Amino acid sequence: MKVFDSIKRKALLSLTLTFGILFAAATALIYYLEMPLAYGFYVSLTVAGLQYLLGPFIIEMLFEISFERDIKDTDPRLYEFLERTCSELGMPMPKIGIIDDGNPNAFTYGHIPRNARIVVTTGLIDLLTEEELEAVAAHELGHIKNYDFILMTIVSVIPMLLYQIYAFTNRDKGKPTYLIGLMAYGAYIISQYAVLFFSRVREYYADNFSVRTVNSDDALGSALVKIAYGFVKVENKKPAKANALGVVNNLQSQSFVLNNYKAAECGKVIEKLINWDIKSIWGRLYELSSTHPLTAKRIMAMKGKNIENRGISFKQVSSFAAQVFLNYLPHAAAVILSISSIRENFAWRMPLAGIARGLYESFIANPVNMAVFGAALLIRYYYIYGNKHQANSIEELLMREDASPIKGIPAVLEGTIVGRGIPGLFYSEDLIIDDGSGIMLLDYKQPLRFLEFLFGTFLVEELIERKVKVVGWYRRANRPYFLCKNIVMRDKKVVCYPYLINKIAGYAFLAAGLITYIFRMI
């Protein structure tokens with residue numbers, strides 16, 4: 001049920017690095033040799049076919065999945081449920097794998113129902129009630145029963161075919177076919193979002209399958225709250241019928257308030273979490289590029305309720321616009337300050353040389369522009385990365401409806417590292433922290449992706465089960481997460497450097513520009 005998108009994104013990461021490079025190289029060769037369009041179609045179909053055939057084996061190479069541990073011993077009730085459900089549906093019993101990781105998650109993969117695998121983490125088994133665990137397993141069975149492996153492979157071919165049309169017609173810019181190529185490229189961009197939309201639809205179908213199979217919409221809904229939001233304060237192994245999701249049953253589209261559960265401690269947190277999904281502009285945007293619907297929408301759909309369009313307030317629009325403007329302020333400053341010089345020096349035969357010459361004239365030869373660019377960097381830095389870090393619990397942060405993916409809320413978390421951000425992936429650099437009130441993804445970043453890979457491959461295992469203090473910023477996209485500044489343990493400190501580099505770069509450009517200007521004035 002991979003609510004976090006991480007498993008699919010990671011499988012897509014590895015598959016993209018493998019098959020995406022193959023597709024790009026083959027397409028470039030076809031373009032260079034001026035081969036017929038049919039060869040481009042053959043390449044697209046071949047790459048999609050290889051991805052479909054080899055994908056499961058690549059996943060098992062990258063993920064530390066154990067199929068030796070018998071689910072009968074780990075969770076006998078879950079095994080009995082799967083065996084009984086598969087027998088009733090007339091489908092083969094899938095192979096069950098376990099990932100030893102505290103990050104609660106589950107996913108399925110394979111070619112056809114006969115060789116499908118369902119993978120669950122130990123964190124999922126530990127945190128969910130029996131009813132919730134069965135609902136999650138039923139969701140995964142829904143993907144298998146609905147042949148989603150094959151359907152998603154077929155749909156993913158469409159963007160590749162459209163890109164081949166664009167690449168083929170792009171050769172003749174002076175012919176009418178060039179216009180067809182431009183339209184194909186536009187269709188290619190749209191089709192990528194269409195594939196994501198189709199994936200979200202398949203999630204709704206799998207949710208519906210789960211609800212019908214376990215004859216309850218509460219179990220999967222409460223599981224989603226724990227998995228997607230990280231709110232796991234509800235007593236573990238408590239019967240799902242007593243969960244706090246009464247908030248959804250009584251959620252009114254106009255007021256978004258709790259009725260029966262208004263006084264419930266956990267109900268308040270769930271109300272805030274659902275409110276963000278429903279009302280935030282950011283939530284709507286992030287859903288467009290996500291393989292999964294927003295969690296609130298999934299819960300509401302299971303309840304048979306529609307989310308009415310409440311419109312967008314002026315306060316929301318102004319806050320959104322301010323954050324976008326300040327986030328891209330350095331980029332806008334660089335373009336505005338250098339566009340005229342680049343245009344004067346640009347030549348199609350040597351485009352990079354022209355751009356380099358334009359940047360030199362705009363900044364190195366013009367200290368005022370350099371200082372302005374440095375000031376833009378600092379304005380962005382101090383706006384996005386606040387420095388008043390205060391101790392918070394995860395529960396307190398989850399209640400913040402003002403969270404966004406740009407302007408971080410400075411905070412300090414203390415808890416235990418229980419798993420990787422992408423459970424089972426040997427090089428996953430992100431972490432999961434548990435502070436007793438909830439669990440949250442710790443987003444670890446370095447200036448170079450290679451440094452993140454090294455950290456995930458060689459150092460993360462040392463942090464598992466260790467108590468830590470994490471300084472950083474709380475953010476919210478399609479899920480809550482915490483952007484790390486540093487991770488402090490008793491005997492060591494792990495520092496993330498991108499933020500320090502941004503700050504140093506801002507002051508360096510500002511100081512260099514002002515000093516150069518002063519010296520030239522003298």
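Helix H14 and helix H17 (residues 367–384) pack at an angle of about 135°, with their axes 9 Å apart. Axes here are lines fitted to C-alpha atoms, for helices over the stretch in contact, and angles run from 0 to 180 degrees between N-to-C directions. Helices (H or I, at least four residues) and strands (E, at least two) are DSSP runs, numbered from the N terminus. H14 and H17 are therefore oblique to each other; angles under 35 degrees count as roughly parallel, over 145 as roughly antiparallel, 65 to 115 as roughly perpendicular and the rest as oblique. On the H14 side the contact (heavy atoms within 4.5 Å) is made by Gln323, Leu326 and Asn327, and on the H17 side by Ile379, Arg380, Tyr383 and Ile384. By class, the residues of this contact between H14 and H17 split into four nonpolar, two polar and one charged. In that scheme Ala, Val, Leu, Ile, Met, Phe, Trp, Tyr, Cys and Pro count as nonpolar, Asp, Glu, Lys and Arg as charged, and the others, Gly among them, as polar.

All of this comes from a predicted model, where local features need pLDDT of at least 70, side-chain atom pairs count only at pLDDT 80 or more, and totals for chains, interfaces and linings use all residues. Residues are numbered from 1 along each chain as its sequence is written, and side-chain values use heavy atoms, with hydrogens and water left out.

H14 (residues 314–327) also packs on helix H15 (residues 329–345), here at about 55° and with the axes 4 Å apart. This pair, H14 and H15, is therefore oblique as well. Phe325, Leu326 and Asn327 in H14 meet Leu329, Pro330 and His331 in H15. The contact of H14 with H15 has four nonpolar and two polar residues, with no charged ones.

Zooming out, the protein chain has 20 helices and ten strands. Buried residues make up 51% of its 522 residues, where buried means under 20% relative accessible area, exposed over 50% and partly exposed in between (1.4 Å probe, protein chains only). The accessible surface of the chain comes to about 25,200 Å², of which 61% belongs to carbon and sulfur atoms; the areas come from the Shrake-Rupley method with a 1.4 Å probe, and for residues only the protein chains shown count as cover. Among contacts between residues at least 6 apart in sequence, 69% join residues at least 24 apart.

On to the strands. An open sheet of three strands has the order S1-S3-S2, with mixed pairing; two strands pair if DSSP finds at least two bridges between them. S1 (95–99) and S2 (106–109) sit at the edges with a single partner strand each, so one side of each has no neighbour in the sheet. Neighbouring strands of this sheet are turned by 20° against each other on average, direction ignored. S2 and strand S3 (residues 117–121) run antiparallel and are joined by four bridges, with tyrosine 109 opposite arginine 117 in S3. Helix H2 (residues 37–62) packs on the sheet, where it touches S2 and S3, and its direction makes about 140° with that of S2.

Strand S9 (residues 480–488) has its own set of partners. Seven of its nine residues are buried, so S9 is largely enclosed by the rest of the structure. S9 pairs with strand S7 (residues 439–443) in the parallel sense over three bridges, and leucine 441 has tyrosine 481 in S9 as its bridge partner. With strand S8 (residues 467–476), S9 runs antiparallel over eight bridges; here tryptophan 473 is partnered by leucine 483, and a hairpin of three residues joins S8 to S9. Three bridges link S9 to strand S10 (residues 493–495), again antiparallel, with lysine 493 in S10 as the bridge partner of valine 488 and a hairpin through four residues between S9 and S10.

Aspartate 443 is found in strand S7 and counts as buried at 12% relative accessibility. Not counting residues up to four places away in sequence, aspartate 443 touches Asp430, Tyr481, Phe482, Leu483 and Cys484. Tyrosine 188, in helix H8 (residues 177–214), is buried with a relative accessible area of 17%. Leaving aside neighbours within four places in sequence, tyrosine 188 is in contact with Pro159, Leu162 and Tyr163. Its C-alpha atom is 8.3 Å from that of leucine 161, 27 residues away along the chain.
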